[in-house]
Amino acid sequence: MALTLLQQAQFATSGEQLAIIQELAAGDLLSVLPFQSIEGNSIRFRREETLPSVGFRHINGTLDESYGEISMQSEALHLYGGDLRVDKAILQLEGSEAKAWNIQSRVRAMRMDFERAFIKGSEEASNGLEFDGLQARIGTSSSQYIANQSGNSGALSFGALDEALDEVDAQGGQKYLVMSKQMRRALTKGSRDNGVNGGVHISTDEIGRQRMMYADVPILIMDKDQSNTDILGATEANSTSSIYVATFGDLGCTGIQNGSINVRELGEDTSRPQLVTRIEWYCGLAVKSGRSVARLAKIDPTLAAIA
């Protein structure tokens, strides 16, 4: 069973590991994305392509024989993390809190980079170093790709957004909208138009944080990556951006990992007066159902949403 990082935090074996998990879960995405623990370096799973046919029969009648179609899929784990070096002079002059601050900074960078990879990751472009993000998985030829407008770009259409939501089968779970802050502003600006009156409201999540919702679907914000670049900026064709719809869980879109986040103290570097801490996470992403994600593209985020 896949567990979110916040759910995994109760099984932390040290205060340091608990603090790292909590820092990773501070972002919108990693607070709700579950991770399935697996053995080995990859996972193989069945993806349902078509369902078998069913029907009614008369007494003494027969039912047609039919079979559903499945495809075998696989996703590999990727080695993710970094080494942190802290000068011994910092520990001597500023105490252990200075080292803890440096570790927290490294973990925050990991969280922001994972969020980037979740959307923009490309196994091909990175020569296999990172996993494919949703943009690479939902190309223009995908059935889960919805054009916001018939032209090359345009204001966010509430009608197209509703269509994207309908394309995702939550299978009893929760759907999420993933967008940038700029896109959220376009959404709320349009919802304040009396002629549009979009269904945007504010709620709270399970830990009391405010969460904006559209049509009872929570909105997850993708802000900036560790290099201060907008993850979902207007960087697609014709200066447009996309909104993603996803449902998370064992039957939908889920993270995968082998073991939890690992923190190791490697001691002092032999060539310089620095203490080395290594943070590693063997993780990846799996989309187990083709209808667990969708992409609404060709949106100009500078324009207010329209009906």
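A: First a term we will need: helices here are DSSP runs of H or I with at least four residues, numbered from the N terminus. Glutamate 115 lies in one of them, helix 5. Keep in mind that this is a predicted model.

Q: Is glutamate 115 buried or exposed?
A: Glutamate 115 has a relative accessible area of 4%. Buried means under 20%, so glutamate 115 counts as buried.

Q: Which residues is glutamate 115 in contact with?
A: Leaving aside neighbours within four places in sequence, glutamate 115 is in contact with Gly27, Asp28, Leu29, Met222 and Ile231.

Q: And what about isoleucine 119, where does that lie?
A: Isoleucine 119 lies in helix 5 as well. With a relative accessibility of 0%, isoleucine 119 is buried.

Q: What does isoleucine 119 touch?
A: Not counting residues up to four places away in sequence, isoleucine 119 touches Gly133, Leu134, Gln135, Val178, Met222, Ile231, Leu232 and Tyr244. The C-alpha atoms of isoleucine 119 and alanine 136 are separated by 8.0 Å, and these two residues are 17 apart along the chain.

Q: OK, switching to helix 2. Which residues are buried there?
A: Helix 2 covers residues 15-24, and Gln17, Ile20, Ile21, Glu23 and Leu24 are buried in it. They sit on the same side of helix 2, because they cover an arc of only 160° around the axis.

Q: What covers those buried residues of helix 2?
A: The cover includes helix 1 (5-8), helix 3 (28-32) and helix 5 (96-120), along with strand 13 (262-268) and strand 14 (274-287).

Q: Let's zoom out. How many helices and strands are there in the protein?
A: The protein has eight helices and 15 strands. Of its 307 residues, 45% count as buried.

Q: What about contacts across the chain?
A: Among contacts in the protein with a separation of 6 or more, 73% are between residues 24 or more positions apart.

Q: Last topic, pockets. What volume does the largest pocket have?
A: The largest pocket has a volume of about 380 Å³.

Q: Which residues lie nearest its centre?
A: The largest pocket is lined by 17 residues, and Glu48, Gln171, Ser289, Gly290 and Arg291 lie nearest its centre.

Q: How many residues of each class are in the lining of the largest pocket?
A: By class, the lining of the largest pocket has eight charged, six polar and three nonpolar residues.

Note on methods:
Residues numbered from 1 in each chain as written. Predicted model: local features only at pLDDT ≥ 70, side-chain atom pairs only at ≥ 80, totals over all residues. Heavy atoms only, no water. 1 Å grid on protein atoms, 1.4 Å probe; cavity = no way out; pocket = protein on both sides within 12 Å on 5 of 7 lines; lining within 4 Å. Points joined across faces, edges and corners; volume = space filled by probe spheres on them. Nonpolar A, V, L, I, M, F, W, Y, C, P; charged D, E, K, R; others polar. Buried < 20%, exposed > 50% of the residue type's maximum accessible area, 1.4 Å probe, protein only. Helix = DSSP H or I, 4+ residues; strand = E, 2+ residues; numbered from the N terminus. Arc of directions from axis to C-beta. Contact = heavy atoms within 4.5 Å.
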